[in-house]
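Biologist: Could you take me through the aromatic rings of this model, giving the rule behind each term as you use it?

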Amino acid sequence: MLFRSLLGLTGIALLTVMDGVVKELSPRYSALHLTFLRFAVTAVMGALLFLALRAPLPDRGVITGNLLRGVLVALSTLGFFYGLAALPLAEVFIISFIAPLLVALIAIPLLGERPKPLVYLALALGFAGVIVTAGGVSFATIAPERALGIAAVLGCAVAYALSIVLLRQRAKRGDPPLTIALFQSAIPAAILALPAALFWAPIASADWPAFILIGALGLAGHVALALAFARGEASRLVAVEYTGLIWAILIGLVFFAEMPTPQAMLGAALIIGACWLLRR
């Protein structure tokens, strides 16, 4: 279990750093372009690594099994990247933390996992944490841009929860982690290629190293998560997602001068409490 957790922690750390780089680029590029280039660069790197390692070609079942997950990953990342442009980094992570709790519920019918009743209490606490972080039960006073950001991240959480359960499902069927990571990038890149081309904006030459870094971090992070979820129960191992908040607070504070509000930290405390219940 320790090794699985370390793999998960490493994957989350790498992906959180990637999100920090994306946030730095977000004032200059739309969520559509950021999402497409993130997956396109990762897909190229994954394909080169796939060929270098002479990995076996996937069969039809592997391809079709990963198609739906690719669509969900594309939708989830679009929502998350839009949220990064509209909200502080730590708040995006706090609101998206509802996803691990949703995983525990979705895993019941899809994976046959049987969470204990505490999972449902954890879900209620998690939703309360999201509401507190978002600004309370009354959203009338929330700025439209912030409201759209919150809605985008909540939609992202639902899609991400579904994609994580499908990741566990594919891993249990024996799909190689590198193959899973490759499809997780190649399919969203293919889906978003036409929209990105129709609304294309020139990429500054000085920003290409950042996009290459995003691709490398994304590939490494998803390979680590695929390895972790191949060896652990989805409703328990997914709790490592919450360690992303530590990285998000540090990155937001150091690079974007973003200090989480007391309200956001209270919401985080409720969600982390839900995580504790989930682990039990």
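This is a predicted model: local features need pLDDT of at least 70, side-chain atom pairs count only at pLDDT 80 or more; totals for chains, interfaces and linings use all residues.

Modeller: Residues are numbered from 1 along each chain as its sequence is written, and side-chain values use heavy atoms, with hydrogens and water left out.

Biologist: Why is the pair of tyrosine 29 and phenylalanine 211 called edge-to-face?

Modeller: Rings of Phe, Tyr and Trp (its six-membered ring) pair if their centres lie within 6.5 Å, and planes under 30 degrees apart count as stacked, over 60 as edge-to-face and the rest as tilted. Tyrosine 29 and phenylalanine 211 are 5.6 Å apart centre to centre with 70 degrees between the planes, so the pair is edge-to-face.

Biologist: Why is phenylalanine 36 called buried, and what is tryptophan 200 counted as?

Modeller: Buried means under 20% relative accessible area, exposed over 50%, and partly exposed in between (1.4 Å probe, protein chains only). Phenylalanine 36 has 15% relative accessibility and therefore counts as buried, whereas tryptophan 200, at 42%, counts as partly exposed.

Biologist: What makes lysine 23 a charge over the ring of phenylalanine 256?

Modeller: The rule asks that NZ of Lys or CZ of Arg be within 6 Å of the ring centre and within 35 degrees of the ring normal. The charged end of lysine 23 sits over the ring of phenylalanine 256, 5.7 Å from its centre.

Biologist: Which residues do ring pairs link into a cluster?

Modeller: The cluster consists of Tyr29, Trp208 and Phe211.
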